[in-house]
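Hi there,

Here is the structure I promised to pass on to you. Please open it next to this email, and my notes on what was found follow below.

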Amino acid sequence: MKKIIAWLEKHNLLNLPSLIIAISFVFFVILIIALLNVNDKDSNNIYVTENAELRTGPSPVYPELNKVHQGQNFNKVSEQGKWIQVESSNGKEKGWIAGWHTNLNIKSDANPNKKPLKKKTIVLDPGHGGSDEGASSNTNKKSKEKTYTLKTAKELKKLLEKKGATVTMTRNSDTYVSLDDRNIKGDAYISIHNDALKSDKANGSTVYWFKQNQQTLAQTLNASLQKKALLTNKGARQQNYQVLRQTDIPAVLIEMGYISNPTDENMIKDRLHRQIVERGIVDGLETYFSG
Ligand SMILES: [Zn+2]
């Protein structure tokens with residue numbers, strides 16, 4: 001026994017109980033800090049701070065999946081802009097929620113009284129032109145892509161200007177403009193095209209993006225088109241197109257139906273149908289810029 005006490009004295013460990021208390025206290029403090037950090041931005045636990053809804057994608061244009069209530073909590077799956085993809089711990093609920101309905105320090109997007117397109121410059125790029133006629137129809141109507149991309153862009157320009165946007169066009173008439181010369185800066189860039197295939201079966205609209213900063217715009221516009229347009233919706237897809245590759249601004253290339261498909265061709269030629277598509281694009285842009 002004497003030997004042990006001597007050993008403890010030698011190693012200055014006689015105060016072992018107070019040493020244990022001190023160590024326990026440090027652990028306790030660390031534990032408290034860790035628990036408080038659950039509310040931190042980097043945390044994967046998302047708490048719903050007010051009643052809201054889960055949607056299928058990261059903006060208000062996406063369809064609602066179900067309501068969520070204040071106090072519910074979820075695991076974070078991913079985030080895009082101000083929207084968080086969440087999943088319940090049992091995996092039964094999964095969807096996107098606006099960050100401002102959660103414990104994350106994210107400010108609300110929506111100010112319904114604001115004109116989101118005011119002071120925004122939208123670049124419209126009517127595909128093809130002049131000697132480059134683009135795709136053409138298989139029917140005796142012989143519709144040419146270059147004609148309808150320009151018509152659509154001109155109609156869209158008027159609608160956007162009514163919303164207070166400034167619109168720049170890469171061409172205003174039936175002239176040839178190289179892809180290099182179509183690289184014009186603005187707040188958003190929309191290249192307008194029609195698809196074509198040898199088979200007249202293929203149909204529908206597709207919104208293409210290439211760079212990461214173009215994806216949300218593509219998804220927002222596609223969701224808005226899906227709501228309104230009668231064309232089959234082929235979704236937002238990634239594709240390495242030069243007009244998307246060569247720009248740094250949020251840009252999309254929209255294939256507004258197959259001119260080689262007789263039904264789509266009729267819709268492309270129909271002013272009323274074009275208007276529905278154009279309103280879909282305007283709505284989508286308003287949603288995109290409502291931040
Ligand atoms: Zn084209």
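His128 sits in the loop between E7 and H3. Helices (H or I, at least four residues) and strands (E, at least two) are DSSP runs, numbered from the N terminus. His128 has a positive phi of about 65°, although it is not a glycine. Most residues other than glycine have a negative phi. His128 counts as buried because its relative accessibility is 17%; buried means under 20% relative accessible area, exposed over 50%, and partly exposed in between (1.4 Å probe, protein chains only).

Before you go further, please keep in mind that this is a predicted model, in which local features need pLDDT of at least 70, side-chain atom pairs count only at pLDDT 80 or more, and totals for chains, interfaces and linings use all residues. Residues are numbered from 1 along each chain as its sequence is written, and side-chain values use heavy atoms, with hydrogens and water left out.

Lys119 also has a positive phi of about 65° without being a glycine. You will find Lys119 in the loop between strand E6 (94-98) and strand E7 (121-126). Is Lys119 buried or exposed? With 76% relative accessibility, Lys119 counts as exposed.

Now for a strand. Gln85 belongs to strand E5 (residues 83-87), and its relative accessibility of 18% is why Gln85 counts as buried. Leaving aside residues up to four places away in sequence, Gln85 touches Asn75, Lys76, Val77, Ser78, Lys94, Gly95 and Trp96. Contact here means heavy atoms within 4.5 Å.

Next, the salt bridges. How many salt bridges does the structure hold? There are 11, where a salt bridge is a side-chain nitrogen of Lys or Arg within 4 Å of a carboxyl oxygen of Asp or Glu. Here are some of them to look up:

- Lys67 pairs with Glu64, and their closest N and O atoms are 3.3 Å apart. Glu64 is partly exposed, with a relative accessible area of 38%.
- Glu161 and Lys157 meet through their side chains at 3.0 Å, N to O. Both lie in helix H3, four residues apart, which is about one turn of the helix. Glu161 is partly exposed at 37% relative accessible area, and Lys157 counts as partly exposed at 24% relative accessibility.
- Glu155 pairs with Arg274, with 2.7 Å between the closest N and O atoms. This pair links distant parts of the chain, as Glu155 is in helix H3 (residues 145-162) and Arg274 is in helix H7, 119 residues apart. Glu155 and Arg274 are both buried. Together with Arg271, they are linked in a network of salt bridges.

That brings us to how helices pack against H7. The axes of H3 and H7 come within 10 Å and cross at roughly 50°. Axes are lines fitted to C-alpha atoms, for helices over the stretch in contact, and angles run from 0 to 180 degrees between N-to-C directions. H3 and H7 are therefore oblique to each other: angles under 35 degrees count as roughly parallel, over 145 as roughly antiparallel, 65 to 115 as roughly perpendicular and the rest as oblique. On the H3 side, the residues that meet H7 include Glu155, Leu156 and Leu159, and on the H7 side they include Arg271, Arg274 and Ile281. By class, this contact of H3 with H7 has seven nonpolar, one polar and six charged residues. For these classes, Ala, Val, Leu, Ile, Met, Phe, Trp, Tyr, Cys and Pro count as nonpolar, Asp, Glu, Lys and Arg as charged, and the others, Gly among them, as polar.

Helix H4 (residues 212-228) packs against helix H7 (residues 271-288) at an angle of about 135°, with their axes 8 Å apart. H4 and H7 are therefore oblique to each other. The contact of H4 with H7 has eight nonpolar, seven polar and three charged residues.

How is H6 placed against H7: roughly parallel or roughly perpendicular? The axes of helix H6 (residues 262-269) and H7 come within 5 Å and cross at roughly 85°, and H6 and H7 are therefore roughly perpendicular to each other. Met267, Ile268 and Lys269 in H6 meet Arg271, His273 and Arg274 in H7. These residues divide into two nonpolar, one polar and three charged.

Happy exploring!
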